[in-house]
Amino acid sequence: MHKLGKSHRDKVQQFMTITGASEKIALQALKASDWNLEGAFDFFYSQPHKSYTDTTHLEELYNRYKDPYTDMILADGITLLCNDLQVDPQDIVMLVVSWHMKASTMCEYTKEEFFTGLQALGIDSLEKFLERISFMRSELKDEQKFREIYNFAFAWAKEKGQKSLALDTAIGMWQLLFAEKQWPLVDHWCQFLEARHNKAISRDTWSQLLEFARTVDPALSNYDAEGAWPYLIDEFVEYLNENGIIQNGQF
Amino acid sequence: MESKTIDFERGWDHVYKGIKQLRRILEGLPEPLFTSGEYVMLYSTVYNMCARNPPHNYSQQLYDKYREVLEEYITSTLSPSLRGKRDEFLLRELVKIWVNHKVMVRWLSRFFNYLDRYFVDYRSLPALNEVGMTCFTDLVYREVQTNIKDAAIVLIGKEREGDRIDCSLLKNVLDIFVAVGMGSMERYEDDFEADMLRDTGAYYSRKASSWIEEDSCPEYMLKCEECLKKERDRVFHYLRSSSEVKLIEKVQHELLVTYIDRLLEKEHSGCRALLRDDKADDLSRMYRLYCKIPRGLDPVADIFKQHVTAEGTALVQAIGAASNAPGVQEHVLLRKIIELHCKYMAYVTDCFQNHNLFCNALKDAFKVFCNNTGTDSSSAELLATFCDDILKKGGSEKLSDEAIEETLENAVKLLAYINDRDLFAEFYRKKLARRLLFDRSANDDHERSVLSKLKQQCGEQFTSKMEGMVTDITLSRENHAAFEDYLRSNSAAHPGIDLTVTILTTGFWPSYKPCNLNLPTEMIKCVEVFKGFYETKTKHKKLTWIYSLGTCNLSGMFDQKTIELVVSTHQAAVLMLFNTSDRLSYSEIMDQLNSTHEDLVRLLHSLSCAKYKILSKQPDTKTISRSDYFEFNSKFTNKLRRIKIPLPPVDEKKKIVEDVDKDRRYAIDAAIVRVMKTRKVLGYQQLVSECVEQLSQTFKPDIKAIKKQIEDLITREFLERDEENPNTFKYLA
């Protein structure tokens, strides 16, 4: 450790704190990623590391939150978990948690989902969980991961057995997600939907909206009207033009 | 022939004498022609000098002498006569010496023929007449070729200006150019034709630039036609036929291509003006002139299209602005559109020889204004109403059978230009139903003929339902005869009222609202009796009764006299209520009848507020309100013994449009699936255009509607977007 420069030492420290790995592993990961912290995390988490989580501890954790009558964690349990983690239940990091768990629907976790998620994150105690929070927040900054999380959110947020997502839930999710990834038009989008659409949102519209936010600039200068955008998005563009929100490519 | 060797000097001496004799003949001196004996001698001498073994074989020397003789002849006799001569004189002289030369060569070749047979081939040397040609070319042609060419071109120029020239002279001169080419047209083309074409171009360019200023379009075109004809004559008279194509192209380029825009766009006489003033001859000429030029007709077709579009649009707007009663003006509009169509179709057939460009121009033009009627009703509806008018009894026109057929035929043709063909079908079907059910059809043959015309134009599927409807009516008549037999044999079953039932096959007819009207007992009995009869015929089918389409004849026992009232079944049901009650309130009628408010208001209005007041209403206002009371108006009378009380039909327009929209969604859905099933993977733009193509026979689909269906299919998991490229779709089996 003494042979390393200060910045590298800091990184090793950070790595160990966040992942809970040993110094040896930390060095290995950071060297493999050329001392890039993000890359080191990727490297670390792509390794099989089930051995790092103790199943008994996981059981204990699970039992703390599980519902007394069913073998699942329900809304109350989740609220408790959020309290323990000192995060708001509406906090977007809970979405990331659910994503890791591959949870099928919001407000409940099966035992399997809980175990899968926590093991993937290398968590078997509340302390470790707390430590992981900042890492999970950082995942949202990654473009690829954000897209996966965004698309995951659709299936997760909609009601079981429905094909589409209810409008209010969708709007709530969008406001949450686009607070993270800044999109200037998100408010207009939500207003437009409430004024003109009033129906559930299809999966296609949901996923294409992200592409729209990503690729089309807020002044709509590179928007292709003849393109294959979902018709709802076409209507949104019309709405923006009609209401003078976008004028001659100015915004 | 004696086989003996011969001394060269002696042999040549003999031959040379013959040559001198030949020259004297050619000069026109009094010299006897060769006898065949003399000819044979000369031939033999040559033979003897050549058909020998060396050293007595003088073939080479003779071959050389042949050339020498010719060259000498040319330089001493022929060429000098050309010198100092110019223009036409030069040409004449040239032809003369050419003729002489040819004769000389011919005779010499005959004398020296033996060389041609063996020596020439053996040594791969040019044949004798070739040698002759080469001598002429080298010694004569080369010297004078430029002057000849210029002189010839000058002559042609004179002829163009109207002078008469010696055509055969020119022809002969040009023959020389060709002959000099010795089998190839190179000399003719390079030494004469190229400059001739250039000169032609310059000539017509000058002419065109002044004509285009001074002449009107028809005048100019006439001149063009004449010039082209004259140039063709020129080819026929003296130019070579291989020049024709190049010559005509040159002339066309200078006269027609260069000035095409100025010509067509001439303000008072150009293409637009000709169309406006119906100048069929001039337009035909225009077509004739430009059809041979590549892309020459494009601007003409364009102007034609613009003109027709403008006329059509003006027509639509004029009628829209007129303040006639709505039904009338729409009828007039269609009439006028048909007239316009006939007029310009005639142009396409007569002036423009049915050329594709013009057929399409007409089609495109009509498509523009035929879909934009500027009224509330779509053009599909107007056309259906128009046909209905002609086909129904008492329609607005009293036409002969032929006139009707012709009008209907023209109307059907218009259908090709209307985008919403499926909407037309729906309106037509609805109106056909009314005509058939209320016996308003004027003529069965016309009905069938229209259907077959529609089938021809739009395909079998378009008319299959309508044909079913017509068949149903025929079958119903037969059925009715059977019903009457049934009643005769079961007199107890007779309901006491004359009853006719028309059976409609559900799929063919427009959908009708089912109604739960409470019928008067007399009618209920009728229904039961018929049901009984029907069950004897078939047990597999279910009858649903649509009273709204029925008619009823009632006897109204008024104070003054009994009048027969022809009313709808619903109206009859209302009136029959007054058999048991003198006075009824709106709500009482409502309860007893079990009708809807909408229907009841209409019914009561027709019986109490319209032309014939069969019921009297309190209060005696013009509209029906729910607090009104009604009584049988016994004081009613009319000079007629039988009156029809009309019930204005509900406006079905909205429903029809809705139904068609729904059908379109299914059609679009099916089209998308069909396309994707075949293609498996397809880009968005292509998918849309293929769908539009598939549906174009029936209607012009809205792009947005197609997009919505695509998304619907994605939700239903028939399609998915490609991950890499969201503009591409994949078919999910």
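How much space lies in the largest cavity? In this predicted model, the answer is about 90 Å³. The structure holds two cavities of 30 Å³ or more. The second largest cavity has a volume of about 40 Å³.

The lining of the largest cavity is made up of residues of chain B. They are B:Val316, B:Leu333, B:Leu334, B:Ile337, B:Phe369, B:Cys370, B:Thr373, B:Ser379, B:Leu382, B:Leu414 and B:Ile418. Three helices of chain B each give at least two residues to this lining: α15 (326-351), α16 (356-370) and α17 (379-391). The largest share comes from α15(B), with three residues. By class, nine lining residues are nonpolar and two are polar. No charged residue takes part in the lining of the largest cavity.

The second largest cavity is lined from both chains. Chain A provides A:Ala228, A:Trp229 and A:Pro230. Chain B provides B:Tyr684, B:Lys707, B:Ile710, B:Glu711, B:Ile714, B:Arg721 and B:Phe729. Four residues of the lining come from α28(B), the largest share. Seven of the lining residues are nonpolar and three are charged.

Attention now turns to the interface. Contact between the chains involves 14 residues of chain B and 14 residues of chain A. The size of an interface is often given as the accessible area lost when the parts come together. For chain B and chain A, the buried area is about 1,200 Å². Carbon and sulfur atoms account for 46% of that area.

Between chain B and chain A, 10 residue pairs are in polar contact. Two elements of chain B, α27 (684-695) and α28 (703-715), each give two or more residues to the side that touches chain A. The largest share, six residues, comes from α28(B). The residues on this side of chain B divide into seven charged, four nonpolar and three polar. Three salt bridges are found across the interface. One salt bridge joins the side chains of B:Arg721 and A:Asp204, at 2.6 Å from N to O.

B:Arg721 and A:Asp204 are among the residues nearest the centre of the second largest pocket, along with A:Asn151, A:Arg203 and A:Ser207. In total, 29 residues line the second largest pocket. Its space comes to about 860 Å³. Elements of both chains give two or more residues to the lining. In chain A these are α9 (143-157) and α12 (203-215). In chain B they are α28 and β8 (719-721). The largest share, eight residues, comes from α12(A).

Conventions: Residues are numbered from 1 along each chain as its sequence is written. Chains are lettered from A and ligands numbered from 1 in the order in which they are written. This is a predicted model: local features need pLDDT of at least 70, side-chain atom pairs count only at pLDDT 80 or more; totals for chains, interfaces and linings use all residues. Side-chain values use heavy atoms; hydrogens and water are left out. Contact means heavy atoms within 4.5 Å. Buried area is the accessible area (1.4 Å probe) that two parts lose on being put together, summed over both. A salt bridge is a side-chain nitrogen of Lys or Arg within 4 Å of a carboxyl oxygen of Asp or Glu. A polar contact is a pair of N or O atoms within 3.5 Å; within protein, one must be able to donate a hydrogen and the other to accept it, and residues adjacent in sequence count only if both atoms are side-chain atoms. Ala, Val, Leu, Ile, Met, Phe, Trp, Tyr, Cys and Pro count as nonpolar, Asp, Glu, Lys and Arg as charged, and the others, Gly among them, as polar. On a 1 Å grid over the protein atoms alone, a cavity is a set of points where a 1.4 Å probe fits but cannot get out, and a pocket is an open set with protein on both sides within 12 Å along at least five of seven lines; lining residues have an atom within 4 Å of a point. Grid points are joined across faces, edges and corners, and a volume is the space filled by probe spheres set on the points.
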